[in-house]
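User: I have a chain open here and would like to go through it with you. Can we start with the aromatic residues?

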Amino acid sequence: MDQNAQGRGDEPNRILLVTIHHMLYPITVEVLHQVFFPHGFVEKIVTFQKSAGFQALIQYQSRQSAVAARTTLQGRNIYDGCCQLDIQFSNLDELQVNYNNERSRDFTNPNLPSEQKGRPSQPGYGDAGGMYGMQPSGTRGVPFPQMANAAAIAAAFGGGLPPGISGTNDRCTVLVSNLNPDRIDEDKLFNLFSIYGNIVRIKLLRNKPDHALVQMGDGFQAELAVHFLKGAMLFGKRLEVNFSKHPNITQGADTHEYMNSNLNRFNRNAAKNYRYCCSPTKIIHLSSLPQDVTEEEIVNHLEEHSPIVNTKLFEMNGKKQALVMFESEELATEALVTKHASSLGGSIIRISFSQLQTI
């Protein structure tokens with residue numbers, strides 16, 4: 001595949017030529033989309049191997065988006081210490097994409113074939129166009145990319161998937177049952193499930209008040225949620241979490257939309273966030289705290305979920321963070337679903353479970 005992909009340096013263009021240096025982990029269309037789509041609507045991506053190494057062409061809808069992406073991302077690493085981005089403006093006017101697969105993607109045309117007829121795509125996680133190529137006509141792909149293969153997912157987890165995770169599930173919607181209908185709402189479910197991936201939308205079922213549907217960004221994130229939350233205690237109830245028979249949640253008056261929420265945790269640093277995925281624990285980790293916050297203020301903010309066993313306030317990379325240990329996993333889970341994204345001292349705080357045994 002030759003798109004005559006010479007860079008033209010600093011003359012702005014809506015198409016970027018990206019070279020990846022120190023590529024220790026596989027880089028796919030989905031990974032690139034995750035990196036570049038926060039800066040504007042990405043229309044097309046094409047990847048290829050050249051003498052310079054692994055390269056990609058990224059076509060934005062507007063030139064301004066391409067300029068912003070290059071300014072922000074030039075020289076940055078996709079993963080810690082590797083996969084460095086070297087970005088130039090391309091000399092092309094329009095990318096031509098013939099197939100939606102793991103090597104190329106036209107996000108404006110989800111109905112392209114995955115391969116030339118007679119050459120089926122290799123079966124596997126995220127192949128055959130992933131969630132974009134498989135969209136029925138007339139629907140738009142959800143802009144949360146799947147990490148297209150097990151190797152890329154394993155890289156996010158530091159080398160291997162957690163025991164019991166296959167990395168091959170493609171069902172995005174989860175059915176949650178045995179909820180406490182008097183104490184649960186969509187935002188609390190968002191706070192809990194967003195630990196495991198981006199949330200598209202949530203629907204509490206009117207005819208079954210202890211049931212809810214949660215649509216995750218992709219099938220891998222849904223698998224993480226099912227794996228880690230099945231059997232968790234919340235508001236006196238043991239949650240049942242399973243894959244839904246519905247591929248997605250239809251938009252409607254009784255659905256809550258979260259697709260464009262800036263509270264979704266996997267919009268940036270997705271690989272880093274996957275490392276924090278675990279079942280609920282007794283210890284929660286607080287970040288995005290005000291710089292002058294005190295332990296007393298943190299305890300007061302969380303005290304309705306007492307008893308609190310211990311707290312620790314510390315600084316990392318110049319930012320205040322805290323660990324809070326509760327008497328039970330259920331109390332810690334309650335504090336997380338109630339207080340994540342709440343305001344403390346003018347800051348919107350962020351809460352995750354900690355995998356530490358004690359503090």
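Analyst: One aromatic cluster is formed by Phe220, Phe266 and Tyr274. Keep in mind that this is a predicted model.

User: How many aromatic pairs does the structure hold?

Analyst: There are 4 aromatic pairs in the structure. In one of them, the ring centres of Phe190 and Tyr258 lie 4.6 Å apart with the planes at 20°, so this pair is stacked. Phe190 belongs to helix α5 (residues 186-193), while Tyr258 sits in the loop between β13 (255-257) and α7 (270-274). The two are 68 residues apart, and the pair links distant parts of the chain.

User: Phe190 and Tyr258, buried or exposed?

Analyst: Phe190 counts as buried because its relative accessibility is 2%. Tyr258 is buried too, with a relative accessible area of 8%. The cut-off for buried is under 20%.

User: OK, cores. Which residues have the most contacts inside the largest nonpolar core?

Analyst: Phe193, Tyr196, Ile284, Leu286 and Ile298 have the most contacts in that core, which has 51 residues. Helix α6 (residues 219-229) supplies the largest share, 7 residues. Domain 2 (149-275) and domain 3 (283-353) each give the core at least three residues.

User: What is Ile298 in contact with, leaving aside neighbours within four places in sequence?

Analyst: On that count, Ile298 is in contact with Leu286, Leu289, Val293, Leu313, Ala322, Val324 and Leu344. There is also a second, separate core of 26 residues, and Phe36, Val42, Ala69 and Cys83 are included in it.

User: Now strands. What does β1 pair with?

Analyst: Strand β1 (residues 15-21) pairs with strand β5 (residues 82-89) in the antiparallel sense, over 6 bridges. β1 also runs antiparallel to strand β3 (residues 53-60), and 6 bridges join those two.

User: How many of the residues of β1 are buried?

Analyst: 6 of its 7 residues are buried, leaving β1 mostly covered.

User: What about β4 and β5?

Analyst: Strand β4 (residues 77-79) is antiparallel to β5, with 2 bridges. Asn77 stands opposite Gln84 in β5. β4 and β5 form a hairpin with 2 residues between them. In the turn, Gly81 has a positive phi of about 80°.

User: Which residues other than glycine have a positive phi?

Analyst: Ser288 has a positive phi, near 55°. Ser288 is in the loop between β14 (283-287) and α8, and it is partly exposed, with a relative accessible area of 43%. Another case is Ala341, with a positive phi of about 70°. Ala341 is in the loop between α9 (329-339) and β17 (343-344). Ala341 is partly exposed as well, at a relative accessible area of 23%.

User: Which peptide bond is cis?

Analyst: The bond from Ser306 to Pro307 is cis, with omega near 10°. Pro307 lies in the loop between α8 and β15.

User: And where is His305?

Analyst: His305 is found in the loop between α8 (295-302) and β15 (308-316). His305 counts as buried because its relative accessibility is 1%. Leaving aside neighbours within four places in sequence, its contacts are Phe326, Leu331, Glu334, Ala335, Thr338 and Lys339.

Conventions: Residues numbered from 1 in each chain as written. Predicted model: local features only at pLDDT ≥ 70, side-chain atom pairs only at ≥ 80, totals over all residues. Heavy atoms only, no water. Helix = DSSP H or I, 4+ residues; strand = E, 2+ residues; numbered from the N terminus. Buried < 20%, exposed > 50% of the residue type's maximum accessible area, 1.4 Å probe, protein only. Contact = heavy atoms within 4.5 Å. Pairing = 2+ DSSP bridges. Core = buried A, V, L, I, M, F, W, Y, C linked by side-chain atoms within 4.5 Å. Domains from an automatic or database assignment. Phe/Tyr/Trp six-rings, centres within 6.5 Å; stacked < 30°, edge-to-face > 60°.
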